[in-house]
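Thanks for coming. Please have the sequence and the model open while I talk.

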Amino acid sequence: MKKSNLLNIRYKRAFIIVSVLLLLLFGLGCSGGGGNKEASPPTTTPTPPATSSDRKIFVAHVFGNKITVFDADDSGNVAPIRSIGSNTELFTPSGIFVDTENNEIFVTNFENDTITVYRRTDTGDVSPLRFIGGPNTGLFGPVRIFVDTKNDEIFVVNLVIVPGEDLIEVLSSITVYGMTDEGNVSPRRIIAGPNTGYVIPVGIFVDLINEEILVANQAINNGILVYPRTANGDVPPLMILNISDLTDEGIPFLPTSIYLDTVNNEIFVANGDDINIPGEITVYERTDSGDVPPLRIISGENTGLFRPLGIFTDAQHDEIFVTNPFDDTVTIYGRTDNGNITPKRTIEGPNTELFAPIGIFVDIENDEIFVANGAARITVYRRTDEGNVNPLRTIEGPNTELAIPWGIFVAESP
C-alpha cells in the first residue's frame, strides 16, 4: 500500500471509530465463565463462594479510554477501587482480557494501534507494564484480543473499515505475539489475505482443547470461521460455518456474538439484523462446517429476542443468558430450547434499571448476573431472578467514572 494512501486511511479513521465499534458489538465468549480457563464438567462438590474481597468487576470503557475495577459487592455512587486512566496510553480500548493466572490485564487500543498490559492491581495513570506498538507489529485497528496462557501467545483481531470514493475498503487480519512481547516487535504469525475468508471479523476465541481459532465474521459470508491454532499466512479456514438465514424481509442475520461451550461441544451464536426485526439464537455442533442447518434455533415472536447482543451460556445449569439492548431486557432460555419458545425467565421492567444492556457475565459459583448497561450503569441480579425485579446492586453515578461500559468480566483478584 502506498504511503499516501496509508496516511489518508489514518485521517479517515477518526470519522469511522464510532460506526466500527457499534458494529463490533460484544465479540466472543468462552464457556465456564471466564478468561483463559477452559470449562470443566460440573462436579458434585460445589466450590465455596468467593468473598467480597476476592471478586472484582473489570469494565472496559470504549469511549472513555479507561478501565475501572469495582468490588463485586459494590453498590451505588461508589468510586472504583482502581481506575486505569487515559494517561496510561489507553486510547479507545476495544478489547480486554484478564489473565487470572499471571495477574495481568491485556487491552487492545483501537485508535492508536497498540496493546497495553497492566498489573491487575494497577490504579491511576500508571505506565503500562508492557506496550506493543509500532510499524513492525502489524497492528492496525485492533478490536478484539485473546490471551492463550497455555502456549504463551496473544491473538488480536485487526479491523478498519475505510470509506472510499467508489467502495468501502476493509482491512482485516489476525496477528499473534508472544505473551511477554513488547515494543515494535514483528508478529509471530499473521493470518491475512483473500483465502482466509473473513471480511469483518468481530470476535475471536482460541479453543485450547481442540487447538483451533474461532472467528465470528460479518459480511457477505456471515458465519464462524475455524483455523488451526498455528495457522499463518493467507490460509483457507479448516471449516466455515455459514449463517446464511434471511429474515422474512430478505435481510441477512448478522452474528453479533458467539459463545463456545466446550462442555457440550456446541457453538451458540446471537444473530442480530434490522432494527425493526427480532433476531435469533442458533446452535451448532463445534465441528459443523458448510451450509449445515443449526442443531437448534431459538426464533420467533414468543422468544422475546430483539436484536440480541451479549450471550453467555451456563453449562452447569443448562441455561442461555441474552441481552436485548433495544428493548431493555435480559432473556433466559434452557440450553436445549428450540423454536418459537417463551423464555424460561425474562428480566424486564422499570424496577430492573436495565437500560440498553450490552455486556453480560454470569458468576455461576455465586449465582449472580452482572450486566453492563449503555446508560453508564452496572446492574447485578440473582441468577434465578425474573420479571420486574429490583437489582441486588446498582453501580451508577459520577463517582463511579462509568462511561458507556462495554466489556464486563468478573474474576477473583487482589
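**Starting from one residue**

Leaving aside neighbours within four places in sequence, Thr 282 is in contact with Ile 267, Phe 268, Val 269, Asn 271, Pro 294, Arg 296 and Ile 297. Contact here means heavy atoms within 4.5 Å.

Before I go on, a word on where this comes from. This is a predicted model, so to speak of local features we need a pLDDT of at least 70, side-chain atom pairs count only at pLDDT 80 or more, and totals for chains, interfaces and linings use all residues. Residues are numbered from 1 along each chain as its sequence is written, and side-chain values use heavy atoms, with hydrogens and water left out.

Back to Thr 282, which is found in strand β19. Helices and strands are DSSP runs, numbered from the N terminus: a helix is H or I with at least four residues, a strand is E with at least two. Is Thr 282 buried or exposed? Thr 282 is buried, with a relative accessible area of 0%. Buried means under 20% relative accessible area, exposed means over 50%, and partly exposed is in between, using a 1.4 Å probe and protein chains only.

Tyr 284 lies in strand β19 as well, which covers residues 280–285. Tyr 284 is buried, at 1% relative accessible area. The side chains of Thr 282 and Tyr 284 are joined by a polar contact of 3.5 Å. A polar contact is a pair of N or O atoms within 3.5 Å; within protein, one must be able to donate a hydrogen and the other to accept it, and residues adjacent in sequence count only if both atoms are side-chain atoms. Tyr 284 and Ile 267 are 17 residues apart along the chain, and their C-alpha atoms are separated by 5.1 Å.

The protein has 1 helix and 29 strands. Of its 414 residues, 56% are buried. Among contacts with a separation of 6 or more, 57% are between residues 24 or more positions apart.

Now confidence. pLDDT is the predictor's confidence in each residue, from 0 to 100. The mean for the protein is 76, and 71% of the residues reach 70 or more. Where is confidence lowest, and where highest? The lowest is in helix α1, residues 3–24, at a mean of 34, and the highest is in strand β24, residues 345–347, at 98. Over residues 1–52 the pLDDT is below 50, although this stretch has 127 contacts in the model beyond near neighbours in sequence. Residues 245–253 also stay under 50, and there the model has 25 contacts beyond four places in sequence. Where pLDDT is low, the predicted coordinates should not be read in detail.

**A four-stranded sheet**

Next, please find an open sheet of 4 strands, in the order β25-β26-β27-β28, with antiparallel pairing. β25 (357–363) and β28 (393–396) are at the edges with a single partner strand each, so one side of each has no neighbour in the sheet. Two strands pair if DSSP finds at least two bridges between them. β25 and β26 (residues 368–373) have 6 bridges, in the antiparallel sense. Val 362 stands opposite Ile 369 in β26, and Asp 363 has Glu 368 in β26 as its bridge partner. The two strands form a hairpin with 4 residues between them, and Asp 367 in the turn has a positive phi of about 55°. As for β25, 7 of its 7 residues are buried, so this strand is largely enclosed by the rest of the structure.

There are positive phi values in loops too. Asp 152, not a glycine, has a phi of about 55°, and lies in the loop between β9 and β10. At 41% relative accessibility, Asp 152 is partly exposed. Glu 353, also not a glycine, has a positive phi of about 65°. Glu 353 sits in the loop between β24 and β25, and is partly exposed at 29%.

**Aromatic rings**

Last topic. Rings of Phe, Tyr and Trp (its six-membered ring) pair if their centres lie within 6.5 Å; planes under 30 degrees apart are stacked, over 60 edge-to-face, and the rest tilted. By this rule there are 5 aromatic pairs. In one of them, the rings of Phe 97 and Phe 146 have centres 5.2 Å apart and planes at 65°, so the pair is edge-to-face. Phe 97 is in strand β5 and Phe 146 in strand β9, so the pair ties together parts 49 residues apart in sequence. Both Phe 97 and Phe 146 are buried. With Phe 205 they form one aromatic cluster.
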